[in-house]
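Dear colleague,

Please find the structure below. My notes on its aromatic pairs and nonpolar cores follow.

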Amino acid sequence: MRLSDVLSKPVDLKFWQVDGFLDNKKLKSGKSKKLAIGKVGLPYFCKCCDSDMTFISAEDIYCIGVNSKQISIDSILTCSRCGNELPVWFLVDSNTDIHSSAPEVRVLKRTEKFTKNALSAKSTYGNFAELLSKADCAYRNELGAGVIIYLRKAYEKITLQTASAAGITVIKSNGSSQRPFKEILQEVDAKKSIIPKEFSENGYKLFGELSAIAHGTNVSEADALLKYEPLHRLVVGIIENAKNNAELMAALGNLGW
């Protein structure tokens with residue numbers, strides 16, 4: 001496996017053994033080096049092509065030494081169809097000396113400079129991809145409150161969109177403002193079962209916890225980061241459940257059931 005293969009994977013913090021790429025020589029902090037690691041390819045949504053596309057790096061990739069176990073890589077990935085550009089930065093970490101002949105490495109952080117023409121891939125989570133991507137980016141940059149704000153927005157969005165699709169009114173009868181979110185969520189779940197059955201009784205508790213963290217109620221940035229992965233999994237579970245429910249209902253309708 002080459003370093004480009006690891007850079008082309010989703011960020012999961014798992015270490016992968018790769019062919020050496022620093023010629024068994026230490027790279028001093030701040031010094032740069034050209035890498036022969038192949039091309040990096042990652043999926044993003046290209047607005048110019050109006051589709052998820054693979055964005056690919058140039059053949060020449062340069063890194064900068066950070067310390068004996070880390071290097072920094074700045075790259076420009078381009079859409080394989082139209083050439084639309086997206087700057088992407090990687091912080092590569094090794095569990096031993098990174099200059100060894102077969103280091104085990106991982107992508108500790110990956111940051112994209114999204115533009116109006118290049119966004120997160122939409123194939124998996126549709127119009128929720130950008131919010132989830134921003135949450136993941138905030139997590140990688142250790143921005144605890146930002147992480148939770150994006151998850152909360154995603155939870156609100158899927159609930160309100162499902163309410164709209166199900167013909168559920170979200171505005172008060174006098175038209176003054178939105179109904180309490182708890183009422184909308186309960187009605188949506190009763191009608192469409194968007195909350196996975198494993199925690200269906202705690203759907204609003206999840207929203208309450210997201211809100212408390214987002215508002216900084218007795219929760220530190222460090223605590224928010226610790227809670228990110230389980231909270232992310234629950235929010236994604238709701239999005240997937242709603243998506244699967246919609247697909248199931250459409251299939252049943254097409255069959256005349």
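Aromatic pairs and cores

Tyrosine 228 is buried, at a relative accessible area of 4% (buried is under 20%, exposed over 50%, partly exposed in between; 1.4 Å probe, protein chains only). This is a predicted model, in which local features need pLDDT of at least 70 and side-chain atom pairs count only at pLDDT 80 or more, while totals for chains, interfaces and linings use all residues. Residues are numbered from 1 along each chain as its sequence is written, and side-chain values use heavy atoms, leaving out hydrogens and water.

There are seven aromatic pairs (ring centres of Phe, Tyr or the six-membered ring of Trp within 6.5 Å; planes under 30 degrees apart are stacked, over 60 edge-to-face, the rest tilted). In one of them, the rings of tyrosine 44 and phenylalanine 114 have centres 6.0 Å apart and planes at 70 degrees, so the pair is edge-to-face. Tyrosine 44 is buried at 3% relative accessibility, whereas phenylalanine 114 is partly exposed at 27%. Tyrosine 139 and tyrosine 228 are stacked, because their ring centres are 4.4 Å apart and their planes at 25 degrees. Tyrosine 139 is partly exposed, with a relative accessible area of 24%.

The largest nonpolar core has 35 residues (buried Ala, Val, Leu, Ile, Met, Phe, Trp, Tyr and Cys joined through side-chain atoms within 4.5 Å). Ile148, Leu151, Tyr155, Leu206 and Leu210 touch the most other members. Tyr155 also belongs to an aromatic cluster with Phe181, Tyr204 and Phe207.

Regards
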